[in-house]
Amino acid sequence: MRIEVAGLTHVGMKRNHNEDNYLLLPEENLCCVADGMGGHSSGEIASKIAVEELGEFFKMTSRDADATWPFKMDKTRNYDENRLATGIKLANSRIFEKASSDSKYKGMGTTIVTVHFANSTAYVGHVGDSRVYFFREGTLKQVTEDHSLLNDYLKAKKLSPEEIENFPHKNVIVRALGMKESVVVDVARLEPKEGDIFLLCSDGLSGMVTDPQIQEVLSRTTELEKACSQLIDLANAAGGNDNVTCVLARYHNH
């Protein structure tokens, strides 16, 4: 198994600083994107803690198989699902501690999306409204479900396109890292095939660029770095209302 990765982040056209962070850790077959929030650039700190803590947890558990985990294993999940969920929960605790210990970080938080490849399986962990998409043989599918107020409404009752467009709390997320002492982490698993591409992105991309546009870029551009920059250019051309981050991971089974 081999993973090819590329990542890029851009401040966008309207913001004066970038609160997104991403991590490429090919030696652990791990990549993630975090989109921070909170005043006085504390979102930037929250998203940085998230990706760093997750990366450190994976490195530590690789080096030392007997390392003590900070949370009990969930018996309904396998080792790899537990490892990913535990790393994300650990990041949550660290952000929550920092936010609680210093008033200037009060209320800071971050989304996180992660993909970890192990034993011919792709594990997708997420909290918030950053997204993971999956691209196979010309077709793009969204893997994650936004933890957002809008999505809760969509699930509860059918809204017309006009109602969706005018929904007043579009950017309200109902789950994030750092907001509470504990967090529920969604973990999904997929069986990837040779050449499958996983796209991890902040809503600065998914909110500005349509799924068909993303699909078209991935269909015509085989070079991952180039595809990342084309996707970010599209988001900025559409207005670039937010920071834009894009990570691509291509799976090879040999």
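These legends accompany several close-up views of the predicted model shown above. Residues are numbered from 1 along each chain as its sequence is written. As this is a predicted model, local features need pLDDT of at least 70 and side-chain atom pairs count only at pLDDT 80 or more, while totals for chains, interfaces and linings use all residues; side-chain values use heavy atoms, with hydrogens and water left out.

**View 1. Strand β5, covered on both faces.**
Let's start with β5, which spans residues 112–118. Helices (H or I, at least four residues) and strands (E, at least two) are DSSP runs, numbered from the N terminus. Seven of the seven residues in β5 are buried, where buried means under 20% relative accessible area, exposed over 50%, and partly exposed in between (1.4 Å probe, protein chains only). Look along one side for Ile-112, Thr-114, His-116 and Ala-118.

**View 2. The neighbours of β5: strands β3 and β6.**
Two strands pair if DSSP finds at least two bridges between them. Strand β3 (residues 30–37) runs antiparallel to β5 and is joined to it by four bridges. To find your place here, look for Val-33, which stands opposite Val-113 of β5. Strand β6 (residues 121–127) also pairs with β5 in the antiparallel sense, over seven bridges. A handy landmark for that pairing is Ile-112, opposite Val-127 of β6.

**View 3. The hairpin turn of β5 and β6, with two residues between the strands.**
Asn-119 sits in the loop between β5 and β6, and Ser-120 is found in that loop too. The phi of Asn-119 is near 50°, a positive value in a residue other than glycine. Ser-120 also has a positive phi, of about 60°, although it is not a glycine.

**View 4. Strand β10, with its partners β7 and β11.**
Why is β10 (residues 197–201) described as largely enclosed by the rest of the structure? Because five of its five residues are buried. Ile-197, Leu-199 and Cys-201 point one way from β10, and Phe-198 and Leu-200 point the other way. Strand β7 (residues 131–136) pairs with β10 in the antiparallel sense over five bridges, and Phe-134 stands opposite Phe-198. Five bridges also join β10 to strand β11 (residues 244–252), which run antiparallel. In that pairing, Leu-200 stands opposite Val-247 of β11.

Side chains of opposite charge can pair when their charged atoms come close. Here a salt bridge is a side-chain nitrogen of Lys or Arg within 4 Å of a carboxyl oxygen of Asp or Glu, and by this rule the count comes to 14. Glu-52 is partly exposed at 41%, and so is Lys-48 at 42%. Arg-220 is partly exposed at 49% relative accessibility, as is Glu-216 at 46%.

**View 5. A salt bridge of Lys-226 and Glu-223.**
The side chains of Lys-226 and Glu-223 meet at 3.7 Å, N to O. Lys-226 is partly exposed, with a relative accessible area of 43%, and Glu-223 is partly exposed at 43%.
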